[in-house]
Amino acid sequence: LASKATHSDDVLMQEAAGEAVLLDLASERYFGLDTIGTHIWTLLDQGQPLQQVLDTLCDEYDAPRERLHEDLLALVAELSEAGLVTVD
C-alpha cells in the first residue's frame, strides 16, 4: 500500500454524471469506471499512495475496510494489466 499508481500518458479520461470513460490511445480501447472507480482514479491522479487512497475511501464510504482494501487492489491490478497505470 506504500506504492503509487500513475496513469499512462496515453490515457484520456472523460467524466460524465460521476462515471468515467478511459481511452487508451495506444491500444484504442475504451474502459468504463463506475462512480467509486472514478473517485479512485481521481485520487490516484493526485499522486496519493494506495494507503492514503484506502484511508480516504474508508472515511467516505460505509463499508468494511477489508472490502475496500480488496476492491482497491483489484481495480489497480485490472488497470495495471490493461496498461492504464503503472505501480511503483
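**Start with a salt bridge**

Select D71 and R67: their side chains meet in a salt bridge, with N and O 3.0 Å apart. Keep in mind that you're looking at a predicted model. Both residues sit in helix α3, 4 residues apart, so about one helical turn separates them. D71 has 36% relative accessibility and therefore counts as partly exposed; R67, at 48%, counts as partly exposed too.

A search of the whole structure turns up 2 salt bridges. For the other, pick R65 and D55, whose closest N and O atoms are 2.6 Å apart. R65 is partly exposed at 37% relative accessibility, and D55 is partly exposed at 31%.

**On to the helix pair**

Now show helix α1 (residues 35–45) alongside helix α2 (residues 50–60): their axes come within 10 Å and cross at roughly 140°. That makes α1 and α2 oblique to each other, and α1 passes α2 in a right-handed crossing.

Which residues meet here? Select H39, I40, L43 and L44 on the α1 side, then L50, V53, T56, L57 and E60 on the α2 side. By class, this contact has 6 nonpolar, 2 polar and 1 charged residues.

**Last stop: T56**

Zoom in on T56 in helix α2. Is T56 buried or exposed? Its relative accessibility is 18%, under the 20% cut-off, so T56 counts as buried. Leaving out residues up to four places away in sequence, T56 touches H39, L43 and Q48.

How values were computed: Residues numbered from 1 in each chain as written. Predicted model: local features only at pLDDT ≥ 70, side-chain atom pairs only at ≥ 80, totals over all residues. Heavy atoms only, no water. Axes fitted to C-alpha atoms, helices over the stretch in contact; angles between N-to-C directions. Helix = DSSP H or I, 4+ residues; strand = E, 2+ residues; numbered from the N terminus. Parallel < 35°, antiparallel > 145°, perpendicular 65-115°, else oblique. Left-handed = near helix turned anticlockwise from the far one by under 90°. Contact = heavy atoms within 4.5 Å. Nonpolar A, V, L, I, M, F, W, Y, C, P; charged D, E, K, R; others polar. Buried < 20%, exposed > 50% of the residue type's maximum accessible area, 1.4 Å probe, protein only. Salt bridge = Lys/Arg side-chain N within 4 Å of Asp/Glu carboxyl O.
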